[in-house]
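Look at the sequence and the structure below, and keep both in view while reading.

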Amino acid sequence: MAEVTLSTIVKELKEYDGEEVRIMEVCGTHTAAISENGIPAMLSPKIKLISGPGCPVCVTVTAVIDKLIELSMEEDTTVLTFGDLIRVKGTNKSLADAKADGASVMMVYSPMETVKLAKENPQHKYVFAAIGFETTTPVYAMVIEEAIRENITNLRLLTSLKTMPEVIKWVVKDGGGIDGFIAPGHVSAITGSNEYEALSKELGIPFVVSGFEGPQLLATIYSLVKMKGKSGVKNMYKSVVKPEGNTTAKALVNKYFEPSDSSWRGMGKIKGSGMVLREEYRSFDAGSIGLDEDHMPAGCKCASVLVGKISPNECPLFGKHCTPDNAHGACMVSTEGSCYNYFVSGRK
Amino acid sequence: MKITMAHGSGGESTSALIRDVFAKHFHNEILDKLEDSAVVPGSGRLAVTTDSFVVTPIIFPGGDIGRLSICGTVNDLLMSGAKPMYLTCGCILEEGLDIDVLDKVIGSMAETAREAGVKIITGDTKVIENKGGEPGLIINTSGVGFIPDDLDVPGPFKLEDSDAIIISGNLGDHHAAILGTRMGIESPIKSDNAPLCEMVNSLLTEGIRVHAMRDVTRGGLGTVLNEFSSSSKCNIELVENDLPVSNSVRDFCGILGLDPLYMGNEGKMVLSVHGDDAKRAVEVIRSCKYGENACIIGKVIKNSDSSDNNNVSVITKIGGKRVVGLMYGEGLPRIC
Amino acid sequence: MCVAIPGKVIKLDGTKATVDFSGNIVNAEAGLVNVKVGDRVLVHAGCIIQTMDDAMADEMEELFKEIEDLGV
């Protein structure tokens, strides 16, 4: 075969005229990097990139937001959260709305700040809105480990923790027909690339782990186009992603958390697709079990967007009633959300 | 010594504060009369603008609210082609503010006004109760400038096909300096707050055909160019590789998931210049103070199909293309 | 938050690391990985989640080889 270079990749991706290939990315930072690099405009119309359920804020059900709001209204309790989650609406309102009504809600950059606050103010209660995927769960495990070591009892987590394999299966079986996955870079740094071997065999489709630079993403997409119809795992982010992942982090997660069923926005409950605190550490749980209710705003098609059945701009609300300043669904709120990224970068 | 409510009473404490801080620094023959209103000569076309400054912290890396309050108003006057002449200064002080801090800020205002060649000719001071937190101050400056009779005043609706888009220096420095300080991220990034008088004056003196110019403040370059594009009904195409961003600001944005295209500056301007004058314009700006990183970053394209003339886009480093839309949200950090 | 760019560990005090991103200095927990001063690392939500192996740098030549291995 001819030697592969970046320019041959660029040319072939633009001129590709084979069978349609539908490629899904399931990592918010990939979604943002694809938009920032203007990659959709470089691809043949026969290659479709679909943003999957890779944005933690976007897949959180309304019951979790409602519960957080309830907790934030309690006396002597502060709810701590990452930035994006604060503006996502629950059944009636968002944490930002609750804050305006006088609830105690605080934005932080690291869950570890919760430990510090709880230690400094032992009379006050702190609840961290513990959302995220395999990448973030080890950080929550460290929070619990530290709290136990410091004998802190005024700190709890409201967890809505998700894991990738089962939802990937769900999307492939029930979603919009996916031919390959750009495997998430940071999730894979923890889980390792081996995680995709069994998944790839079972589903009969390829997985390629990618970094976040434009050329790396192009090389990944190119590989997935070439691998269409076959199973197989490629790791194109070897500097960070090891076959076995981060074993220290995995052991720590296993110590404090166990697999559970989990409810995903618009998709319902998916077996074995989440994590909860183990029984013996439930005193650190703020009431996470059974938060399954999910009220989608009228007309919002986030659920179909998240599984790739429709593209964001096929939603009747997109760009008309639903914009980043007046978001109906979570996918338009988060800067990692599919709808937000399509909207701000003019992606079609 | 601290500011007390007595400093706003209108009595001796007020007079002493004005004498010992404001008049001491601002001192000029018009202000020194301390009349109810300042009387100055003027004729022809006047440019008038006003701006209020509420930034916290009031002293930040590379500048302070005083310097900022001069730069903001002076630069606004400059962008309409005016020569800035006179400024007013309204100060609202919070009870408990350290008078040494006030003295530093007002001293910095005076120094920046001298640099910009403008006089502060009238002012007002009020004191309000401190509502909790670090006592601060709010400054309003209004400014007047004279527009030369023969100048064809540039405007956002005057962009022409094949114009070059030029930026006078690195993007995002002010925004990153303020945000970094607030978040406790130690960094070498300094605010770029600066008056652009020399730059604008040189461009106009050299006869560069400037069709539009705007200082890049809140909302960043993306917001300004969207206004240019919709006012002039044209497309603007930027080249990502040519956008000047320092390594520190680039990584700062990387850490927080921010886009330098939407970050504010306080000493940068973007121009749309006749294509044939572009290279010369860059040379002129580079020869001026604060202009050493000026460069051409894109061009104006007017399509014959008028319905397809309202896009700002950027050609990315790998040859992709994305739209630079309006700014949304508050730039909340991403978690993933 | 997830930072796609690597930073460099410039100080280590137990499991508290100081990480430099082109002059921007950020504190991060180092409890999930063995790190030493000078390592390039990825930081997520205030924690170092992995070190970057410079010997394995994802140079494009390497990626092209991977693609050629596909035998397409």
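Chain A and chain C touch: 36 residues of chain A are in contact with 27 residues of chain C. This is a predicted model, and the contacts are computed from it. Two or more residues of the touching side of chain A come from each of the helices α2, α6, α8, α10 (214–227) and α11. Of these, α10(A) gives the most, with seven residues. Sorted by class, the side of chain A that touches chain C holds 21 nonpolar, twelve polar and three charged residues.

Helix α11 of chain A, residues 247–256, can be taken as an example. Which residues of α11(A) are buried? They are A:Ala249, A:Leu252, A:Val253 and A:Tyr256. These four lie on the same side of α11(A), because they cover an arc of only 100° around the axis. The spacing follows from the geometry of such a helix: an α-helix has 3.6 residues a turn, so residues three or four places apart point the same way. The other side of α11(A) carries the exposed residues A:Thr247, A:Ala251 and A:Lys255.

What lies over the buried residues of α11(A)? The cover includes the helices α6 (137–149) and α8 (185–191) and the strands β10 (257–264) and β11 (268–277), which belong to chain A. It also includes β5 (47–52) of chain C.

One more residue of α11(A) deserves a look, A:Thr248. For a sense of distance within chain A, take A:Met107, which is 141 residues from A:Thr248 along the chain. The C-alpha atoms of A:Thr248 and A:Met107 are separated by 28 Å.

Now consider chain A as a whole. It is divided into domain 1 (1–298) and domain 2 (302–341). Taken over C-alpha atoms, the centres of these domains are 17 Å apart. Between the two, 28 residues of domain 1 of chain A are in contact with 17 residues of domain 2 of chain A. On the domain 1 side, the elements that give two or more residues are α2 (28–36), β2 (47–51) and α7 (164–174) of chain A. The largest share, five residues, comes from α2(A). That side of domain 1 of chain A is made up of 14 nonpolar, ten polar and four charged residues.

Chain B also has two domains in its assignment, domain 1 (5–146) and domain 2 (164–323). Here the centres, again taken over C-alpha atoms, are separated by 28 Å. In chain B, 22 residues of domain 1 are in contact with 20 residues of domain 2. Two helices of chain B, α2 (65–79) and α3 (99–116), are the elements that give two or more residues to the domain 1 side. α2(B) supplies the largest share of that side, ten residues. By class, the domain 1 side in chain B has twelve nonpolar, seven polar and three charged residues.

Strands come next. Strand β6 of chain B, residues 137–147, pairs with β1(B), residues 45–53; the two run antiparallel and are joined by nine bridges. β6(B) also pairs with β4(B), residues 83–94, in the antiparallel sense over ten bridges. To see both pairings at one residue, find B:Ser142 in β6(B). B:Ser142 is the bridge partner of B:Thr50, and B:Ser142 is also the bridge partner of B:Thr88.

Strands β2(C) (residues 16–21) and β3(C) (residues 24–29) pair in the antiparallel sense over six bridges. In this pairing C:Ala17 has C:Ala28 as its bridge partner. Two residues lie between the strands, and C:Ser22 takes a positive phi near 45°.

Definitions and conventions: Residues numbered from 1 in each chain as written. Chains lettered and ligands numbered in written order. Predicted model: local features only at pLDDT ≥ 70, side-chain atom pairs only at ≥ 80, totals over all residues. Pairing = 2+ DSSP bridges. Buried ≥ 20, exposed ≤ 12 C-beta atoms within 10 Å, placed from the backbone. Arc of directions from axis to C-beta. Contact = placed C-beta atoms within 7 Å. Domains from an automatic or database assignment. Nonpolar A, V, L, I, M, F, W, Y, C, P; charged D, E, K, R; others polar.
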